[in-house]
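Student: I'm new to this one, so please take me through it step by step.

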Amino acid sequence: MSKNTDKKTTIGGQALFGGIMMKGVSVGAMAVRKKDGSVHLEEWELPEKKWYNKAPFVRGCFNFVEMLREGMKCMNKSMEISGMLEDDGEPQSKVDIWIEKHLGNKAYSVIGGLLTVIMVAAMLFVFLLVPSWLFAMIEKASEADVSVWKAPFEGILRLILFVGYMALIAQMNDMKRVYEYHGAEHKTIACYEAGKPLTVENVKPMVRFHPRCGTSFIIITLIVSILVFMIVPINPAEWWSIENTMLAALLRVLIKLPFLPIVVGISYELIKLAGRHTNILTRIISAPGLWMQRLTTREPDDKQIEIAIAAVTPCLPKDGEDDNW
């Protein structure tokens, strides 16, 4: 954040296709630029937080799952509103006709849900199973005991895969625009935290990197997982003398799954700490994620900043509300 920042807000958001979703203390909002240039704005009341949304280390998993669910819902809706899924004049295939006939208006949400499940399954396979399988092959081929390097190897490989994946999709035109909206979201929050009126002129010069970003959260989670699994060694191949490397890798991943809530819980508290305070410790915590945001954010144009301002305005605190950390 910029050095003149003196406020730390809880307001946060997510870039969408052609728009931005924001969440405040009690109100959520989504602004999307329609194909005709007009702005579609939606607002909704946020449910009151339960104890598990507020308890330290417990809240991380629940809030993360809620964030994913609501984020994907808004992402799918933004694709429809922005015109990304409109008919381009090509004749409909038999599959398109069947989907339209049987699903009707629910087609976008159903397809979006299926794509989400497929994407999550593919990412779990690549980011969890492949690194474990590769190390299992190395371990089997090596004559020396290399088990101490298992957690660092898998964790660093996952970091490399994640950075590579983000760099690859950053080349897609649609994702470039999403990253521009991501930059607009960060700049607008920075302007609000700096205590300046939310105008395009004030938002434009703000920094586009923010320590409380979802990208930073993923990077912190990957780093924390390395540290946790160095402390908690898991080696089913050694426990049960399993020769098959893929089976050993699969069992290792399955045994590690119950530890993921611990990893996410610790990471969530660290990202909140980084968003609340500015000191040498939080700068160290934030540094990898801020660097990664050079890939996941881009400089927005004036119209994208207008969308960010439209999305955040309904989320600003009402009378009697406090959005400070």
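Tutor: Let's start with a term: a residue is buried under 20% relative accessible area, exposed over 50% and partly exposed in between, using a 1.4 Å probe and protein chains only. This is a predicted model, where local features need pLDDT of at least 70 and side-chain atom pairs count only at pLDDT 80 or more, while totals for chains, interfaces and linings use all residues. Residues are numbered from 1 along each chain as its sequence is written, and side-chain values use heavy atoms, leaving out hydrogens and water.

Student: Is Cys-191 buried or exposed?
Tutor: Look at its relative accessible area, which comes to 0%. That value is under the 20% limit, so Cys-191 is buried.

Student: What about Cys-74, buried or exposed?
Tutor: Cys-74 has a relative accessibility of 6%. That makes this cysteine buried.

Student: How many disulfides does the structure hold?
Tutor: You'd be looking for a pair of cysteine sulfur atoms within 2.5 Å. The number of disulfides in the structure is 0.

Student: How much of the chain is buried?
Tutor: The chain has 325 residues. The buried share of them is 44%.

Student: How many helices and strands are there in the chain?
Tutor: Both are DSSP runs numbered from the N terminus: helices are H or I with at least four residues, strands are E with at least two. On that basis, the chain has 12 helices and 4 strands.

Student: Among contacts between residues at least 6 apart in sequence, what percentage join residues at least 24 apart?
Tutor: A contact here means heavy atoms within 4.5 Å. For the pairs at least 24 apart, the share is 70%.

Student: How are α4 and α7 arranged, roughly parallel or roughly antiparallel?
Tutor: Helix α4 covers residues 150–169, and its axis lies 8 Å from that of α7, at an angle of about 170 degrees. Axes are lines fitted to C-alpha atoms, for helices over the stretch in contact, and angles run from 0 to 180 degrees between N-to-C directions. Under 35 degrees counts as roughly parallel, over 145 as roughly antiparallel, 65 to 115 as roughly perpendicular, and the rest as oblique. So α4 and α7 are roughly antiparallel.

Student: How does α7 lie against α11?
Tutor: Here α7 (residues 214–231) meets α11 (residues 280–296) at about 130 degrees, with the axes 8 Å apart. The contact includes Thr-215 and Ile-220 from α7, and Pro-288 and Met-292 from α11. It divides into 7 nonpolar, 5 polar and no charged residues. The angle therefore makes the two helices oblique.

Student: And how are α1 and α10 oriented to each other?
Tutor: The axes of α1 and α10 (residues 260–276) are 7 Å apart, at about 85 degrees. Arg-59 and Phe-64 of α1 take part in the contact, as do Tyr-268 and Glu-269 of α10, among others. The tally there is 5 nonpolar, 3 polar and 3 charged. Given the angle, the pair is therefore roughly perpendicular.

Student: Which residues does Val-178 touch, leaving out those up to four places away in sequence?
Tutor: Val-178 lies in helix α5 (residues 173–193) and is buried at 6% relative accessibility. From Val-178 to Ala-15 is 163 residues in sequence, yet 5.9 Å in space, C-alpha to C-alpha. The residues that Val-178 touches are Ala-15, Leu-16 and Phe-17.

Student: How far is Gly-37 from Lys-303 in space, C-alpha to C-alpha?
Tutor: Gly-37 sits in the loop between β3 (27–33) and β4, partly exposed at 36%. In sequence, Lys-303 is 266 residues away. In space, the C-alpha distance is 9.4 Å.

Student: What is phi of Phe-57 near?
Tutor: Phe-57 is in the loop between β4 (39–45) and α1 (59–81), and is exposed at 52%. Most residues other than glycine have a negative phi. Phe-57 has a positive value, near 70 degrees.

Definitions and conventions:
Nonpolar A, V, L, I, M, F, W, Y, C, P; charged D, E, K, R; others polar.
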